[in-house]
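Welcome, and thanks for taking a look at this one. Please open the model in your viewer before reading on.

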Amino acid sequence: MPLHDDETIPANAVLLRVMLPGWTTNKGGRYRPSSLAFFSVGQEVSYFLDGPGMLPELHRIFPGLEVARVPVLVIRGVGFAIERRSTECPNDFRCERASHVVAGPSAEVTRIEFQKSAGSIAKHPDVTIISPEPPRPGEPRAPGSAIQ
Amino acid sequence: MSPYGSAVATGPIVQFESARWLPTLLSDLRSLETTGENIPGLGDLRVSRATADNVRVLLTAISTAPLPEPTLAPVSGGGVALTCNIGNRELILTTYPNQSDFVFVLRNENDVPVDEGIITLEQRDRLLDVIRTFLANSAR
């Protein structure tokens with residue numbers, strides 16, 4: 001469903017995208033997200049607005065998983081809107097629930113067009129990967145980590 | 001027999017034995033199908049039987065081409081992406097739920113898309129053309 005851009009999300013904000021193994025690539029000596037990290041059948045991709053305590057919280061909920069840092073300008077630069085989705089936040093989320101957002105086109109686009117935009121986000125030089133914190137002894141496995 | 005028909009085994013690009021990676025990827029696919037979860041904040045990674053079946057058809061069809069070992073990864077919303085790399089060159093074939101086709105994108109050494117589109121499961125020749133282009137340009 002087309003999204004409505006939330007103007008309360010400032011242009012200088014940064015979004016964080018949790019990534020599964022297999023959603024990264026190494027091209028031209030640069031380790032970065034693969035376009036797969038930004039593919040979505042429903043054309044909505046989950047992110048979290050960066051802010052105080054957000055990264056440690058993501059490391060707590062998704063232990064061992066890498067996180068991509070994506071400036072809002074990059075998302076809007078491909079024509080995507082950003083919408084808050086507090087109801088789709090993880091249940092035990094300990095930060096501001098309105099920090100969970102989804103990004104996608106503001107009008108319906110084809111799968112090819114969506115994938116092109118995903119590729120543009122992934123390749124943008126300002127999109128970087130934050131390494132996961134080293135796991136602590138006895139720490140639970142990350143959800144989804146059994147996939148690969 | 002696959003929807004691509006037996007000609008897959010006798011076409012010009014398929015003069016090779018089935019790839020060694022096929023059993024591993026079929027196992028990976030089974031894992032995606034059985035362990036995928038809907039994870040708030042990350043995505044719905046559940047892969048339906050029908051989607052997995054389409055990926056199996058695709059894997060079987062390309063397993064006779066001399067591709068380097070591909071990888072499978074879930075796509076948020078129930079899709080599955082197959083990625084194949086030769087250096088910086090990349091071929092991604094994405095299967096979507098409830099669709100009997102897949103989206104492909106072929107990127108060159110400069111990470112620029114040089115071909116992309118949608119191929120149905122019946123378009124064997126188009127699929128083989130894409131793979132042939134990927135392999136031919138990689139050899140330059």
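## The model and its interface

Please keep in mind that this is a predicted model. On the contact between the two chains, chain B contributes 36 residues and chain A contributes 35 residues. Together, chain B and chain A bury about 2,800 Å², with 57% of that area on carbon and sulfur atoms. On the side of chain B, the most area is lost to chain A by B:Gly41, B:Leu42 and B:Tyr96, which together account for 23% of what that side buries.

## Polar and charged links

If you like to look at specific atom pairs, start with the salt bridges: the rule finds five across the interface of chain B and chain A. One to display joins B:Asp111 and A:Lys27, whose closest N and O atoms are 2.8 Å apart.

Several elements of chain B give two or more residues to the side that touches chain A: helix H1 (21-35), and strands E3 (71-75), E4 (79-86), E5 (89-95), E6 (101-107) and E7 (113-120). By class, the residues on that side of chain B are 16 nonpolar, 14 polar and six charged.

## The largest pocket

Next come the open spaces. The largest pocket holds about 290 Å³ of space. Its lining consists of 19 residues, and those closest to the pocket centre are A:Glu88, B:Asn38, B:Gly43, B:Asp44 and B:Ser76.

Four strands each supply at least two residues of this lining: E4 (45-49) and E7 (100-105) of chain A, and E1 (38-39) and E2 (43-44) of chain B. The lining of the largest pocket divides into ten polar, five nonpolar and four charged residues.

## The second largest pocket

The second largest pocket has about 190 Å³ of space. There are 14 residues in its lining, with A:Gly22, A:Thr24, B:Thr71, B:Thr83 and B:Asn85 closest to the centre. Strand E2 (24-27) of chain A and strand E4 of chain B are the elements that give two or more residues to this lining.

Which element supplies the largest share of the lining of the second largest pocket? That is E2 of chain A, with four residues. By class, the lining of the second largest pocket comprises nine polar, three charged and two nonpolar residues.

Key:
Residues are numbered from 1 along each chain as its sequence is written. Chains are lettered from A and ligands numbered from 1 in the order in which they are written. This is a predicted model: local features need pLDDT of at least 70, side-chain atom pairs count only at pLDDT 80 or more; totals for chains, interfaces and linings use all residues. Side-chain values use heavy atoms; hydrogens and water are left out. Contact means heavy atoms within 4.5 Å. Buried area is the accessible area (1.4 Å probe) that two parts lose on being put together, summed over both. A salt bridge is a side-chain nitrogen of Lys or Arg within 4 Å of a carboxyl oxygen of Asp or Glu. Ala, Val, Leu, Ile, Met, Phe, Trp, Tyr, Cys and Pro count as nonpolar, Asp, Glu, Lys and Arg as charged, and the others, Gly among them, as polar. On a 1 Å grid over the protein atoms alone, a cavity is a set of points where a 1.4 Å probe fits but cannot get out, and a pocket is an open set with protein on both sides within 12 Å along at least five of seven lines; lining residues have an atom within 4 Å of a point. Grid points are joined across faces, edges and corners, and a volume is the space filled by probe spheres set on the points.
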